[in-house]
Each structure stands twice: as structure tokens, then as C-alpha cells.
Amino acid sequence: MNSSALARLVSETGEFLTAPPEQPFSWKIPDASLLSKFSLRSIDGLLQSGLDENLVRIIYKNGRVAKSSYANRASSHGVLAEEVSRYLQRGATLVIDELARIWAPLGDFCRRLSSELSVPVDATSFLTPAGKWGLDFHYDVHSVLLMQTSGSKRWRLQPPSVKNPLPSQVCKKHGQQEGEVMEFILREGDALWIPRGWYHAGVATEEHSLHVTFWFPHLTRYWIAQQILKGFELEADELLPMRDDIFWGVGFDPSAVEKVIRNFKNEFADHLRLLKDSDLTNEIWRSRMSEFGGPHRKYAASSVLEKVDVDTQLQLLPEAVLHIEYEKGDSLLYTGEGELRFPRKIGEMIARMRATGAQISWAVKDLDDREMDAIKTAKILMQFGLAEIAEES
Ligand SMILES: O=C(O)CCC(=O)C(=O)O
Ligand SMILES: [Fe+2]
């Protein structure tokens, strides 16, 4: 069975993975089962649970409402559901960020999606009352996939003024731009792809609008260049000259500056040649992991761990592993919160499952010839959210 998360959103998954579409377009979600679970009731449930105020934004009359006007001042956390509804009644848009962290079904889904795309994907929800505009025209620095979960919204899109913006090139000039406008209308079950840099703004139709936006960060060569530069901070002896002083006062002597720059370009080229591609690849992936902030994982409770014995059937969760390296008989699994060392065959099994999309289950005793070690390994895998007890089929 192929359990691809991306395939639940788009039908042309290959195209999305190799070359994300550069033009906006709209389609019907292939598998809307996730979407149908996210409703106004879910929003209400989240609000009633005293959501962390840092995850909630209220946009009213094109501006952001101060958190102090809807957060519980007595305790340090928690939005006041009644205050939020009061703003919604006045026509404000409610934005809930980091949805994957706080709404479990989406957490699982985003974890899979992140693993398939090898970039961290998170989601945000937007609720706008009937007839009201949401956020003013802006572009996002990540490409976004909007999934309409209830009601409908009419969208206006305009081509980028900054082509392929980098994460640091956030939108500064809001409001409608000059030039052509594309229009889309999203109803329940529809999706809209907005490539990074495209301006957009939406107005709810005669009914309210609730949508979930998935953020698709891009992997760029620019990002790789940044990682290489960061690598120059490493302790390696060959890189030490990069840390030497340039004499103070150099700025007053343009010819001296030019000379420093010329030397630097040569040194830089030499250093680049010194770096081993394989070391660089591993460094870069580790760095990507540390940006991740931790994927969403299912950690096993201690009551579940207690039940594990040699005959327990387990299933690996490949999506909890972001990167695998092999070292002789071991595999190093990078999880986003650190690396874990296991026998090589565990890494190979995860890699195989990832490549084929197959769900393989196996008995704890197959992990190691020594029963105690097999149980220990199984428990560590479960504790770190890398395996769970297989569902009986
Ligand atoms: O719904 C809105 O008004 C804004 C949503 C948005 O900008 C987005 O989903 O990227
Ligand atoms: Fe946006």
C-alpha cells in the first residue's frame, strides 16, 4: 500500500516533487478525508482548550489586533474564546498558526508530508466571516497549498514583483499591485496552489470561509551556499585563516579593500575545493534537521512500553526519520531532535519502507539474537517515536 501524504493532496505527485508548479492553479483534493475532520467545531474546540496566544492572530481592518485584547492576562497562556468570537462577529479573520503541532490528525499528516518532501511542512488555518476580506494583498516566501475545508472564498492573485523570494525577502509592500489579476473561487474540497512570491488576497463569499494552508518551504542553492558559509565557522585547521583579522582602518583605503577582496575570492575558491562533497552533504542535512524544530512524532507512553515482549509485532514509522547515515555496522538516524544509533539493518529497513511506501511489520525478536537487546532496541525505537505496535490485520 502506498500511503503517500502528498498523493492525498495532489494527483501529480512526481511533478510536485521534482519541479513545484510555477503558476497558480486550483483543483479538487483527491482525498478529502483529512479536510472533512477540520471544521468550525474543531476551531471551537481548540479555542475552548485555551490555545497558546502565540499561535493565534486576529486580523481586523488590515491590521493585527494586540494579543492583550484577547489573551488571558491572569495566566500567562491561553486565548479567551469569547473575546475571539467577538472579533469574528465584527468581521475579523482568525488565524491559527502551527496547526500541525496542536491538532493531532494534521500533526501526523504533516510529519508524513515533511518526510516525503524532505522539507518541514506546517499548516495554518484561516477563518473569515461571510462577505469579509481576510489578509490584505501580500506574497508569502514559501509556496502555499490552500485547502478549503468549509464555506468558500474568492481569491485574487497577481504575479510576483520579487521572483522566487528567499525566506529573508518577506513582503513589505502590501495592497493590490499594478497589472493583471487572476481569479479563483474555492469551495469545500477545493485546493489552490500559490507559488512563492505571488500576491494574493481573498474575500469570503455569502458564507463564512475556513481553509487550511500548508507551507511548502523551498530548498534552494542559495540555502546550500549559506550552509557552506556556516561551515567556515568549523574548527577545521584549513579554515582557520578565514578567521584572521583584516587590519582596522581598512575602510579608509579603497585599494586595500580591493586587495583583501581579491585574496578572499582566491582563498574561498581554494577552501571550496578542499571541502569533501560527502562531508558537505551530511553537514547540510544535519543543518536542515536542526532547522526543523522537531517533526511531529508519536511517542509511546510508558504503559505501552511495558507491554513489549519478544513476540510483539512492531511497525516502523519512516516519517519520523529525516536522514540516515551508515557507519560500519550501525545506522545513524537523524530525527530532528538529535541522532540515534541503531544496528545497520534498522536504517536499511526504514530506507526500504520509505522507497517503496510499504508498511512492513516484524517481531521484536528479529531485531537482535539476544532477547534482552532486542527488547531494549524495540523500546528505544518506540520511546523516540520511530516505531509503534503494529495494528492487527
Ligand atoms: O485567508 C486569508 O485572508 C489569507 C490567507 C493566506 O494568505 C494564505 O493562506 O496564504
Ligand atoms: Fe498568504
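Predicted model: local features only at pLDDT ≥ 70, side-chain atom pairs only at ≥ 80, totals over all residues.
Let me begin with a strand pair: β6 (143–158) and β9 (199–216) pair in the antiparallel sense over 14 bridges. Strands here are DSSP E runs of at least two residues, helices are H or I runs of at least four, and both are numbered from the N terminus. Two strands count as paired if DSSP finds at least two bridges between them. Within this pair, S143 has F216 of β9 as its bridge partner.

Residues are numbered from 1 along each chain as its sequence is written, and chains are lettered from A and ligands numbered from 1 in the order in which they are written.

β9 also pairs with β5 (122–128); these two strands run antiparallel and are joined by seven bridges. In that pairing, D122 stands opposite W215, and F126 stands opposite H211. β5 has a further antiparallel partner in strand β4 (residues 93–96), through three bridges, with L94 opposite L127. Six of the seven residues of β5 are buried, where buried means 20 or more other C-beta atoms within 10 Å of the residue's own, exposed means 12 or fewer, and partly exposed lies in between, with C-beta atoms placed from the backbone.

I turn now to ligand 1. Which residues are around ligand 1? They are T93, F126, T128, G134, L135, D140, V144, L146, H200, G202 and T213. The criterion for being near is that the C-beta atom, placed from the backbone, lies within 6 Å of the molecule or strand. By class, the shell holds four nonpolar residues, six polar and one charged. Nonpolar covers Ala, Val, Leu, Ile, Met, Phe, Trp, Tyr, Cys and Pro; charged covers Asp, Glu, Lys and Arg; the others, Gly among them, count as polar.

Which strand gives the most to this shell? It is β9, with three residues. β5, β6 and β9 each supply at least two.

A separate element is an open sheet of three strands in the order β14-β10-β15, with antiparallel pairing. β14 (361–363) and β15 (387–389) are its edges; each has a single partner strand, so one side of each is left without a neighbour in the sheet. From one strand to the next the twist averages 40°, taking axes as lines fitted to C-alpha atoms, for helices over the stretch in contact, with angles from 0 to 180 degrees between N-to-C directions. Strand β10 (residues 313–316) is joined to β15 by three bridges, and L314 stands opposite I389.

Finally, the protein chain as a whole. It has 13 helices and 15 strands, and its C-alpha atoms fill a box of roughly 75 × 65 × 50 Å along the principal axes. Of the 393 residues, 28% are buried. Contacts require C-beta atoms, placed from the backbone, within 7 Å; among those between residues at least 6 apart in sequence, 77% join residues at least 24 apart. The domain assignment gives domain 1 (6–216), domain 2 (221–275) and domain 3 (302–389), with bounds that come from an automatic or database assignment. The C-alpha centres of domain 1 and domain 2 lie 41 Å apart.

Technical notes:
Contact = placed C-beta atoms within 7 Å.
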